[in-house]
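Trainee: I would be grateful for a close look at a single part of this model, together with the setting in which that part is found.

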Amino acid sequence: TPRYYPAEDVKPAKAVHKVKQNPARVRASITPGTVLILLAGRFRGKRVVCLKALESGLLLVSGPYKINGVPLRRVNQAYVIATSTKVDVSKVDVKSVNDEYFSRSKDAAKDGEEEFFMGDAPKQAVVSDQRKADQKKVDDALTKAVSAVPMLEAYLAAQFTLSSNDKPHLMKF
């Protein structure tokens with residue numbers, strides 16, 4: 001005789017409800033070629049050019065690096081002010097750049113507790129040759145587009161700041 005008889009009140013497993021993510025919506029004022037002002041992070045106050053919106057909803061921006069030191073970066077649209085200034089970025093090729101492009105390498109994640117407690121000097125962040133090549137390619141095309149507009153290079157190089165008497169809610173960007 002069997003030792004175990006299943007109970008009659010065993011409920012069947014529930015079907016898992018998968019939530020479908022809607023594609024991220026980008027603000028109407030932010031289009032490829034719009035000059036943006038970064039409000040937070042390492043490059044706050046810098047003016048950058050929006051190159052495209054990524055699938056994750058983040059924006060792909062660049063300084064260009066040659067002009068103001070901002071490399072190809074992903075930025076959340078909540079942390080930017082869109083200006084009315086536009087640059088023609090039709091010649092800039094950023095098809096190869098996506099969210100996976102910015103993912104960390106797997107071997108970097110292997111440093112565990114042992115490495116932390118050894119107390120060695122922190123490793124310098126190394127920019128890969130592919131990143132440098134992509135940055136140079138984007139910069140060349142973008143710098144050409146920027147130089148076509150008078151005084152735009154100086155505008156992008158200038159830092160955005162507010163003084164005590166400035167009222168940002170009354171400003172027209």
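Mentor: Helices (H or I, at least four residues) and strands (E, at least two) are DSSP runs, numbered from the N terminus. The model is predicted, so local features need pLDDT of at least 70 and side-chain atom pairs count only at pLDDT 80 or more, while totals for chains, interfaces and linings use all residues. Residues are numbered from 1 along each chain as its sequence is written, and side-chain values use heavy atoms, with hydrogens and water left out.

Gln-77 is buried, at a relative accessible area of 16%; buried means under 20% relative accessible area, exposed over 50%, and partly exposed in between (1.4 Å probe, protein chains only). Leaving aside residues up to four places away in sequence, Gln-77 touches Arg-25, Val-26, Arg-27, Ile-30 and Leu-59, where contact means heavy atoms within 4.5 Å. With Arg-25 there is also a polar approach: a polar atom of the Gln-77 side chain lies 2.9 Å from the backbone oxygen of Arg-25. Gly-57 is 20 residues from Gln-77 along the chain, and their C-alpha atoms are separated by 8.0 Å.

The wider fold gives the setting. The protein has four helices and five strands, arranged along the sequence as β-β-β-α-β-β-α-α-α. Of its 173 residues, 30% count as buried. Among contacts between residues at least 6 apart in sequence, 65% join residues at least 24 apart.

Next comes the nonpolar interior. A nonpolar core is a set of buried Ala, Val, Leu, Ile, Met, Phe, Trp, Tyr and Cys residues joined through side-chain atoms within 4.5 Å. The largest such core has 21 residues, of which Val-49, Leu-51, Leu-60, Val-87, Val-89, Val-92 and Leu-156 touch the most other members. Strand S2 (47–53), helix H3 (129–147) and helix H4 (152–157) are the elements that give two or more residues to this core, and the largest share, five residues, comes from H3. A second, separate core of twelve residues includes Leu-36, Phe-43, Leu-59 and Val-75. Leu-59, one of the residues in that second core, is also among the residues that Gln-77 touches.

Terms used: Polar contact = N/O pair within 3.5 Å; in protein donor to acceptor, adjacent residues only side chain to side chain.
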